[in-house]
Amino acid sequence: MSFDSTDNIASEDPAKKAAYEAYLQGFQSLLETAPFSLSKFAKDKLLGAVIKDLHEYHTTQCLAFKHIHQAIEFSSNSQNDLLLPSIPMLAVRLFKQHELSSIESEAIFKVLSSSGTSGQTPARILLDRDTSARQSKVLVNIMQTILGKQRLPMLVIDSESVARGRAGFSARTAGIQGLSFFGRKHTYALNEDMIPNWQAIEAFFAAHGKGPVLIFGFTFMIWQYLIKQAKQDKRQFAAEKALIIHSGGWKKLEAEKVDNATFKKACESMIAGSQVHNFYGMAEQVGSIFIECPLGHLHAPNMAEVLIRRPHNLSLAEHGETGIIEVLSALPSSYPGHAILTEDMGRILGEDDCPCGWKGKYFEVLGRIPKVEVRGCSDTHG
Amino acid sequence: MTRMDNIHFLSPCKVNGDFVRTLPILPTSQSGNAIVDDSAHTHARTKKSAHIYKHSLETWLSDFIKTQPLPAFYSLSFHFIEDLSKKLLKNPQYREYPELIALGFWLRKSNLSKKIDSAKNKREEHIESQQALGLVAHFTPANVDTMFIYSWVASLLIGNLNIVRVASQDSVSKVLLLELINALFAESRYQEIASRNVFVSYDKLSDASQIICAKADARMMWGGDASVAQIQALPTKSHTKDFSFADKYSVAIVSDNVISHSIENIAQRLWRDTQAFQQQACSSPRVLYVIQQETSKSELRKALKALFAKLAQMAKADKGDWPDIGRTNEHLLALQNLAVGQLCCPDDALIALNLVSAISLDTLSQDALDRHSGNGLFYVRVVSSTEIVADELATCLPDKLQTVSIAIEDDINPKIADSIYHLLGQRIQHEQYRVQALGEALDFSFHWDGYDLLRQLAKN
């Protein structure tokens, strides 16, 4: 797939075209690096330049984005010499309230709707072909670090209709489709009613268990519909190596006191040969994911950065300090989602020095921001 | 049919000749929110009475309204209020809740008689000879959760029978207040009051409101426009008086030299009007008008930044939930929303982003006000004259204007206050707004939103 296409850019405006080309050039050089290879200053220079280009590009392409940055200058960011922390960010919920677009409507290739918390309008993320292709490419690079280049037999912990997006292109569908690329002989572990299809799962391990297999699902789905059921039905399986990749957050599992370690242990006792990798990523930044290294630390790849901000004034926190997670991504050119303040809490565990050998920051996610009461007069009669 | 088990009596109440003391609200849970303990509640029910189940709210209500109202300004009512005030001010457990302390001060004998006197002054007749209306149903707001007490006190003073429906969301201060009232109700000397005043809570989908409205002689409806409309739609007797306290907004006005000269003082008074109820009370200022006459643009910006830095410090030091982790993120979202909607100044609108945030607007608009949900956000309007303030308030939702609080510094600029007062009088047709000193925006008076409560809660 080609990444130098400028078809969707209003070609009559040379300034815009130049801005886009500048961005693409920087992105290409990032793409040539191994996914977890850049250390602090090299990364800030390379990724910082790409994201700054994106910022400037979106300022010319997305009027709403331009208005925001004219009105709101962040002074709290200018406290250090690094480029990445100085790039203005958007509140993630803004994507639920506005359709922020940097492309003409003819260029829309896919609309991704993020899973909103119940009662909320889901965000609509507009993708053009270029952004979508970039997401796939970067995801491949990052995943290959863990999965290798071979496509592995793949067990999807979901139903086929969700995987195929029959009920709409949700974040769950997007995740499964994105990851499905890494597998072959896809088997869907759950029936339409979310009951495990033990027969299909048995057959999958019987056929492929002698080699490495790939298992993918959302954290909660795996726990609720596979592990718990397997325990109850006393089912166990084995593979030479079972790479279990999961994501989606721990919120629902917190209530059951299930943390990462418990989850890993449960996977191992259900499937011998398990090697579990959680990843953290936003529907607003598909592709540039943060994945666990073999030591269980979430890492920022060269294509993305993670920053922690102090909750009361959003200034940059020190390593080790708990705060709100900001994520930056070199990928989105169709919507201004390159710098987003999430509503998750986390802290940086270290930078460039994880014993696994990967460079860059590694961190942990510590749940959601506690909700403040935002009820206005209109909901008073509670 | 609504049965008694749909209703939680939050105060002791007479059902079938017996006092039922169900206290479903218990002290705070870990999250800081009060919880309804179902086990205790069920226990009280099973122990007390199978017969409560059998009786509908209607039966209870028809008994309740047979109770003789108390005389207006009855001495026992004053004793009760004085006692309530003393307990609020004396007991250290209320100290962390500024809204309870403010209530304690407001209910003090001296202040209460001042408020009653000022209500009296405005008319000729003797309010002491007034007669109670009968049953007054209070539908209270969830966002300003101790506000219900003020309008209840007005009705109590007139001698009415009161049913106060308290919103189901619990806050610590509300629970503490109800517990205190219950403790007083349990004292035999206040039996006459306890048997005429009932605090209840029930699901808003329940048909209890309908049953209560059918018997009410007056309805006090607090809350947003939609909530008020919902209650108002319920049928009543033909003579029932309605008091609606719907969505309103309030503003504060300061002059540039007041900010520059007494920043600490302005910050403290602004904070007093903002802190209680998370800036969600209708009388808490959401807009800060700054009259720029002497200071340069850059000096004023510096002074404003310093002012909001002070407010942020006060918020950080707050012992309640102001330092909450998500607040600044909410402000960021609100600010970016305003910018997308082009509702703030196009350039450099952000003055402060912290636990208290401020953004400057080009003009005050309904859209901007609609997007404001309290929580420590200020819309700042820098203007060159009081005329502009009055023009803007007279054109942007004038009917929703409630409190205009002014920083009056005698030695600095008394003219501003005078000027505002007169200009608003000329340009705003209704008399439901009021002008207060900055720092006293939340001070309740018996004239509220255009109602003269002490007169209108009595028979004409």
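Modeller: Happy to. Two strands pair if DSSP finds at least two bridges between them, and strands (E, at least two residues) and helices (H or I, at least four) are DSSP runs, numbered from the N terminus. This is a predicted model, in which local features need pLDDT of at least 70 and side-chain atom pairs count only at pLDDT 80 or more, while totals for chains, interfaces and linings use all residues. Residues are numbered from 1 along each chain as its sequence is written, with chains lettered from A and ligands numbered from 1 in the order in which they are written.

Strands E12 (285-291) and E15 (377-383) of chain B run parallel and are joined by five bridges; B:Ile291 stands opposite B:Val383 of E15(B). Both strands belong to an open sheet of seven strands in chain B, with mixed pairing and the order E13-E14-E15-E12-E11-E16-E17. At its edges are E13 (350-352) and E17 (434-437) of chain B, each pairing on one side only. Neighbouring strands are turned by 25 degrees against each other on average, direction ignored (axes are lines fitted to C-alpha atoms, for helices over the stretch in contact, and angles run from 0 to 180 degrees between N-to-C directions).

Now the helix. H15 (327-340) of chain B lies across E13, E14 (357-360) and E15 of chain B, at about 10 degrees to E14(B). Contact here means that C-beta atoms, placed from the backbone, lie within 7 Å.

The contact between the chains takes 48 residues from chain B and 35 residues from chain A. On the chain B side, H15(B) gives the most, with eleven residues.

Definitions and conventions. Two residues are in contact if their C-beta atoms, placed from the backbone, lie within 7 Å.
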